[in-house]
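Please open the structure in a viewer and keep a selection tool at hand.

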Amino acid sequence: LPMAFRDVNARRHIGLQQLSSLALAGRTLLGPMKSCKFIVDESTNQSTLICSAVRLVESLDLSSAAGQLLNETIQAQNKEFKTGMSTLLFLIGAWSNAVLECLQQNVPVSAIVSVMSEGLNSCCEKVQCLQISIHDVNKELCSSSVRQNAFKSKTCQIACDSLLNPQLFLCFQKDISAPEEVVPTNSYPHQDDDCNFKKHPDSALASFGSVPSLIKPSGDKSTSVISGTAVIPSSCNKKKLTHSRYFSAAGKSHFSSQQGNFQGCLSGQSADPCECYGLGHLAMALSHGNQTSMKLLQSIAAYQQERAECSGSFQFNIAEIVTCCLLGLPESYSCISPGFVTLVSPEQATVVKYVEDKPLRILLMEGDLTEQYRHLGFNRPCNIRTILEHPNLQEGRAGGLWLSSMLDILTSFEVNLVLVKGNVCKNLMERCLANSILVIGSVARAVLCAFGEVTGAQPVTYLTQLNTSCVGSGAQVELWKACDGRAMDLGELVPIRIKVRGISLLTAILTTTVASKMQLIEDQFWTSVYRLHHALNDGKVFLGGGAVELLCLSHVQMLAEQPLQPAKKNAVKEFRNPWLAASVTEYKSVVLQALASGWKQYLSVVMCNTAEAASALEAYTSIDRHLKKAADCGSPSAYILNKFRRGDLLWAGSGPVADHGEGLKVYDNVTAKTEAWRRALDLVLLVLQTDAEIITGHKRNQLLNSHGSSEFMFL
């Protein structure tokens with residue numbers, strides 16, 4: 001077999017260079033003030049606005065082996081968590097550069113792999129002190145809301161009213177404003193205050209979780225009402241950028257591990273109208289600055305909690321959430337609507353007007369509603385030979401007979417509405433419309449399950465399986481109306497709403513007038529949804545505002561500054577070679593400094609992206625100042641906790657949701673963040689240990705005639 005061979009594990013490692021160059025394109029995607037990118041399709045000349053690493057990687061040329069591994073890593077993170085991909089992409093590039101620098105200093109590959117893996121594991125253990133249980137987070141967030149007088153009155157009153165009128169969900173997001181605040185000149189905390197932790201490092205931890213609770217832990221059926229007022233210290237009166245994983249405002253609470261089955265009740269008359277949000281405060285803290293997604297998520301959480309009041313327990317269920325993208329409406333029309341909202345053709349909309357507000361008999365179908373469809377695992381008879389796989393249904397007697405028989409089945413059971421998971425035969429659709437039967441295809445399985453639970457309908461694979469017990473009842477269909485009560489006609493497609501009394505399904509209606517922005521808005525919404533979902537599943541969250549990354553940087557630098565010690569016996573046993581164990585000890589400081597450079601670049605790039613630092617040098621200076629203070633105080637974790645509590649962790653600034661008030665805090669997902677770190681380092685070390693690239697097939701001949709043929713050995 002003809003092959004081309006190239007040595008890649010030289011001092012200029014080709015695979016790591018490719019990872020670094022590919023990751024460089026995602027630097028502007030870090031932070032709450034992301035810089036969006038236009039992706040232009042040269043074949044269609046259409047453009048799409050993106051703001052996530054997943055969409056960016058999908059648009060890059062990933063023909064190289066390293067590029068394909070990068071794509072698989074990003075897709076795996078997206079499939080499991082739907083968040084953390086920008087962090088993953090950036091750290092891949094930062095640590096690729098760090099490893100290249102180690103190779104330039106002749107550090108053995110075995111030492112790089114061992115020390116970096118050990119360093120990251122040590123960081124993951126160290127930052128556990130910055131995890132806070134969901135219960136304590138909700139106590140603090142709901143307590144902090146009592147101190148928010150600027151933003152609560154108008155917003156929360158309308159939010160409570162919207163629960164009584166679901167059609168008005170989230171139309172309250174317009175005309176929201178907060179008054180400007182005066183920054184006192186003496187509000188900056190003094191270093192002496194920080195260094196008090198040198199004598200009492202546990203005082204920062206003790207002050208966490210000392211506020212009244214709105215949400216009770218599992219097993220506590222009582223409810224609590226927040227009352228009274230709290231005094232805001234002058235150090236908290238500065239304007240802060242909040243709701244970002246990078247910028248934090250004041251926060252208190254230490255934590256205990258708790259699972260995501262969250263119990264809570266909404267009390268009737270509380271001192272704070274924001275109490276109606278429940279988990280909405282947590283959604284706000286995890287939104288990282290996206291106001292539209294935050295408010296949609298708050299309405300979803302409030303609606304699901306209201307439904308769960310009778311049962312006494314609540315679990316945030318993403319399976320009950322679907323999206324419908326409406327192009328042509330302003331973004332202020334984005335809202336949450338109970339039931340299933342989807343887009344149909346004008347012909348189908350005519351049928352909707354005819355059957356509007358009438359009780360319908362509903363049928364649910366798995367698979368496709370076509371003559372050729374066969375379920376997965378279907379075995380054809382072995383003694384029959386197939387002559388024609390896809391006959392023409394527009395002409396011919398056989399196709400006409402199938403259409404007539406399917407229509408007869410539907411009319412005999414008096415079915416008015418058919419929801420199909422897959423595709424629908426176009427000719428059958430036309431015949432059904434002529435008989436006032438509404439057929440909707442490409443319906444998600446979660447939607448079928450939701451309607452099956454409340455209507456009694458049982459999904460079938462083929463219409464020939466239909467019987468009376470499979471048909472549900474009680475469904476209604478109507479033209480979807482915006483928050484101002486108008487029915488929308490978007491030209492080629494018309495939004496309709498299918499509803500059933502008691503259905504748990506919610507549709508997030510996402511609107512925009514810019515076609516290239518629609519994908520971006522949907523991605524941001526699902527990212528916010530999954531952040532809340534993972535936070536509840538983990539039962540805990542990280543402190544935001546760069547707290548975790550700063551502690552990692554401080555911890556790794558402390559390890560790197562430790563004096564060299566002779567190789568331990570267990571290290572010699574692990575490597576089975578005294579020379580390898582000695583080399584790990586010798587180069588440990590160099591490799592750990594390289595690992596720390598990734599965290600430092602991460603923090604500095606975020607500061608530059610948000611204009612909190614004019615240059616990387618200015619960002620590095622600010623970071624070094626905090627590292628020195630943390631080291632001088634003797635307990636970096638206590639120093640960071642104190643800075644987070646006072647809202648002065650790394651920088652003070654303004655941001656996309658700074659107008660919401662001062663006491664609002666930001667948090668991060670635990671598992672998603674740490675898994676992004678591990679995946680980034682695993683990919684870099686995997687590529688590092690790859691020593692050759694072997695290419696076969698047609699591409700080998702292309703390389704033979706290319707300018708880079710000198711790098712290959714052709715076999």
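From which domains does the lining of the largest pocket draw at least three residues each? The model is predicted, and in it domain 1 (3-133 + 542-565 + 577-714) and domain 2 (321-378 + 399-539) each contribute at least three residues to that lining.

Next, select Lys-34, Cys-51, Asn-290, Gln-524 and Thr-527, which lie nearest the centre of the largest pocket among its 41 lining residues. The space there amounts to about 830 Å³. Now display helix H2 (53-59), helix H4 (85-104), helix H11 (291-307) and helix H16 (518-538), each of which supplies at least two lining residues. H16 gives the most, with nine residues. Coloured by class, the lining shows 18 polar, 14 nonpolar and nine charged residues.

Select Trp-599 and Trp-677: their ring centres are 4.8 Å apart and their planes stand at 75 degrees, so the pair is edge-to-face. Trp-599 lies in helix H19 (residues 578-609) and Trp-677 in helix H22 (residues 670-688), so the pair ties together parts 78 residues apart in sequence. Both Trp-599 and Trp-677 are buried.

Finally, select Lys-82 and Tyr-530: the charged end of Lys-82 sits over the ring of Tyr-530, 5.1 Å from its centre. Lys-600 lies over the face of Tyr-620, at 5.3 Å from the ring centre.

Note on methods: Residues numbered from 1 in each chain as written. Predicted model: local features only at pLDDT ≥ 70, side-chain atom pairs only at ≥ 80, totals over all residues. Heavy atoms only, no water. 1 Å grid on protein atoms, 1.4 Å probe; cavity = no way out; pocket = protein on both sides within 12 Å on 5 of 7 lines; lining within 4 Å. Points joined across faces, edges and corners; volume = space filled by probe spheres on them. Helix = DSSP H or I, 4+ residues; strand = E, 2+ residues; numbered from the N terminus. Nonpolar A, V, L, I, M, F, W, Y, C, P; charged D, E, K, R; others polar. Domains from an automatic or database assignment. Phe/Tyr/Trp six-rings, centres within 6.5 Å; stacked < 30°, edge-to-face > 60°. Buried < 20%, exposed > 50% of the residue type's maximum accessible area, 1.4 Å probe, protein only. Lys NZ or Arg CZ within 6 Å of the ring centre and 35° of its normal.
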